[in-house]
Amino acid sequence: MPLEEKNSSPLINTVHMPQKTIMIIAGEASGDMHGANLVREMLKINPELNFYGIGGNKLQKEGVQLLAHASDMAVVGLTEVFSKLRKILKIMRIMKKSLDERRPDLVILIDYPDFNLPLAKAAKKKGVKVFYYISPQVWAWRRGRIKQIKKTVDKMAVILPFEVETYGRYGFTVNYVGHPLLDMVQTNYSKKDSRKNFGLDEAKVTIGILPGSRPSEVKKIMPELLRAAEILAQRMPDIQFVLPLADTLEREIINAILSEFTVKVHVISGHTYDVISCADLGLVTSGTATLETALLGVPMIIVYKISFLSYVIGRLFVHVKNIGLANIIAGKTIVPELIQADANGERIAGEALAILTNGEKKRKIIKDLAAIRAKLGEPGASRRTAKIACDMI
């Protein structure tokens, strides 16, 4: 689907514009990242904009006044939310109160539907315009939410092409802007230079370990990834492991888990995409990281593990074959997915060996991953989204 881009000039600040206040809500790490890029592009269009809301370090760095930090709200699974429910409800009251106190000219909501949809309803009642960026996964489960979205959201920008048709069936026209990762997933070095810069052996098979961005999921999944690493180290002596540290995680959390295992893992802060791209294979927790890894052309095994009750409830409502974004966008299973009990060290190591020891299989995965990029539209998603948002003010 063609992406229209009218008046793509990044600067239109030739005249003074009155200051406008915008609430922006990003309750998770990926939302913080995409939200920060959106804010940056909006400020290019109108430098007088004033932002406040919920987000992480990236939004704060762009000048957004945070009334709550995303790390206080991030949960994995349906049942895990209860441990933070009191804090989340308190934050909701603060944000609803701000609708009266600050009278924002626009509310921008990024994914995170269980929090954002009730907030959208409250904003709508106050007569505040609502812009939703990055759709909840209504195509996977709880499709009935589209009716609620249609009632409470003025405009929505989606980042996956098939989402246009999903909403269209309910008579809701949405704006397809392309995927923001196309602008972000870039490397600074070749694979060889990255390994040299990070102190890795250029000749060894390199495995990337991506345990997630939330402490709760890291504590649940990382031990199994390290068990797999120990098995791989026994089977393949010329192997090394690297872990790009997410900026939402404290190194102490990673070090505490690593201390329980004998395998050596190089933990590297910053340079996330160069770290991933220098790997021959990634062991990746389901989420945005699977698409980032796919765009870098690195074969992977997707793993996912939540509480048993969350899994059982999810099975009743989720209606998609795959859970990994790379496979979902491809429309088929191109990389293995190991969920719940299957996400154990032995199975992960077995799938890894099946790829690492089969050159033809590895080449086929790399070819299929390359085709994903073509399905995600053109670069410039944040810029296009910023124009839609600014036009609403």
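Reader: Which residues are linked in a network of salt bridges?
Author: Lys191, Arg195, Asp280 and Lys362 are linked in that way, a salt bridge being a side-chain nitrogen of Lys or Arg within 4 Å of a carboxyl oxygen of Asp or Glu. This is a predicted model, in which local features need pLDDT of at least 70 and side-chain atom pairs count only at pLDDT 80 or more, while totals for chains, interfaces and linings use all residues. Residues are numbered from 1 along each chain as its sequence is written, and side-chain values use heavy atoms, with hydrogens and water left out.

Reader: And how many salt bridges does the structure hold?
Author: It holds 19 salt bridges. In one of them, Glu224 meets Lys305 at 3.7 Å, N to O.

Reader: Are Glu224 and Lys305 buried or exposed?
Author: Both are buried, where buried means under 20% relative accessible area, exposed over 50% and partly exposed in between, with a 1.4 Å probe and protein chains only.

Reader: What about Arg214, which residue does it pair with?
Author: Arg214 forms a salt bridge with Glu217, with the closest N and O atoms 3.3 Å apart; Arg214 is buried at a relative accessible area of 18%, and Glu217 is buried at 4%.

Reader: Switching topic, how many aromatic pairs are there?
Author: There are two, counting rings of Phe, Tyr and Trp (its six-membered ring) with centres within 6.5 Å, where planes under 30 degrees apart are stacked, over 60 edge-to-face and the rest tilted. Tyr112 and Phe115 have ring centres 5.9 Å apart and planes at 40 degrees, so that pair is tilted.
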